[in-house]
Amino acid sequence: MKKSAFIFIISFVLYSCTKSNFLDDKTVGLTEETVFSDSIQSINFLNRIYLDAGFSFGPSRYLGSGGSGNSELSTDNAEGSNNTTVPSDAYVQGALTPGTVNNGFAADKDYWVGPYKNIRRANLLLSKLPVTPFAESTKKRISGELRFLRAWYYHYLLIAFGGVPVLQDTVYGTNDVIRVPRCNFADFVNYLSSELDRAASDLRDVTYKDADYGRITYGACLALKSRILLYAASPLFNGGAITNDPQLAALVSYPVADKNRWQLAADAAEAVINSGLYSLHVNNTTRPGYGFYQVFLRRVNSEYIFSYNRSAQKEFETFFLPPSRSGNCTMRPTLSLAEAFPMKDGKSIKESPLFNPNSPYSNRDPRFDNSIIYNGMNYVTNTGTRAPIFTYMSTAAFPNTSADAYTSANRYTGFFSRKMLDESLTGSSSGTTERAWPLIRYAEILLNYAEAINEAGYPEKAYPKLIELRNRAGIQPGSDRMYGLKKDMTVEEMRAVIQNERRIEMAFEDQRWNDIRRWKIASKVLSGFNTVQIITKTGTDSYDYASGYSQRVLKFRDAMYLLPIPFSEVQKMPVVKQNPGY
């Protein structure tokens, strides 16, 4: 049986749960007793909890015309549709309110309802686990999976809202009146950490094969704990509440900053590294940085810690490619993101002698070519041949008849997204590719460690992790073997490098929105407009490159560091205090 067989299980359980739906439709034949006394039905129920694990990552997360894409569209990495009915645009334009925070989402894709639905499912199966017809070893494994999945959905609530109502193991019925106040942030982090420790203990000796490939592992528990402790140590949550109300401050952050929290985050990341379970997927032989390109097109690789297996398809090609390649171009990279990528010597475009403003895309970090489509890039066509993609602005002297051309009306940025795409496919190709969404990958853990250990006061310990990432990226080592990194950086200098490295390494992977908020830099980077590239053709092979501004006006305000709790939820549970500024 192929290792991708777990995808079949996910597809099957979607069908079976939709058909049964015993939690919501009381007229069907299935009951809790019949489901949890049957091993197949119980496993189907567990698999249903897995089904929403990638709810925030997917390219079709936001509903609405032109609004497909994950939270990257709410950042300085990418432009959206300039439509305030779409959540990403409503957010950056300051139009998100407690009454509209869920607008534009399917019920299983918003940050509040979707997680709590699955938290309830996990609680229900945990409560029924003792009576399910499994061996004790299987019950222990399922318990570990459930505790991780419950923590997984809670961690989305943590980064979006701060402390939220924690239901523990309670399963509430349809007619129950729920009066659960928000958990203090500190207690929430402790709860999630302890749950992941317990899950890791349950899964320490578990290995999967065949149809079970893709389930939660011991390493995934360690990795999620690393992410949560990194968030908790960050400025927004580490004594960074934006309120004068001490009770509310305790709900959304630690009341007082503590530098030692960075060390705890570093230790958690180091535990994943020292486990020896994971490594970067490296291939610089085929071409520099080919391993970085390739990792996103392999369901099974050494780098994926927790992934969301997909059936063979071409969803990213359909959503992200430009019109000339039959794509919907819903993820439009900004100029500021393009400029964040260094040159192939590892130095920034301001420092490297390799940078040529008349040919700004030459000699770049190979991750640039594997992440962004730019003017003149040679790319596969709908017929399988290769031809340049032209994004320059049409003029009378040099008309651009391509649908990819920049205009003041089409909201294009001069760039299109290439990250995670199969370079042999277009939106109308007959082929498909196998992939899994990288919900947690080893590169993130290396960046988690580098950031945390630097903030703990040891920038020298961050260098090896950054060098490991840059080596895989295909950057040239240089005579000093520093891959373009300045020696003996201060904490502040290293912080800037790590934040930029995280931006380019994790671009379009549903991380930037969380990062700019937890670092408390969103008020700086989401002010005014995003930058776009305006290109004018001046000769047969020559262009003038200028910067311009997006159509969306970015109106970030401090309240937006956290999302508002939906008004309907506060109405149902008045003991739940609203977030600051709403």
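Val553 is partly exposed, with a relative accessible area of 31%, where partly exposed denotes the range between buried (under 20% relative accessible area) and exposed (over 50%), computed with a 1.4 Å probe and protein chains only. The structure is a predicted model, in which local features need pLDDT of at least 70 and side-chain atom pairs count only at pLDDT 80 or more, while totals for chains, interfaces and linings use all residues. Residues are numbered from 1 along each chain as its sequence is written, and side-chain values use heavy atoms, with hydrogens and water left out. Val553 lies in the loop between β11 (543-549) and β12 (554-555), strands being DSSP runs of E with at least two residues and helices runs of H or I with at least four, numbered from the N terminus.

Helix α6 (residues 136-161) has 26 residues, and its end C-alpha atoms are 37 Å apart, in agreement with the 38 Å that it should span at 1.5 Å a residue, the expected span being 1.5 Å times one less than the number of residues. Of the 26 residues of α6, 22 are buried, and just after this helix Gly162 adopts a positive phi of about 90°.

Helix α5 (residues 113-128) reaches 23 Å from its first C-alpha to its last, close to the expected 22 Å. Its buried residues, among them Tyr116, Ile119 and Leu125, pack against α2 (32-36), α3 (39-51) and α6, with contact meaning heavy atoms within 4.5 Å. Trp152 touches Ala53, Leu224, Arg227, Phe306, Leu439 and Ile440, not counting residues up to four places away in sequence.
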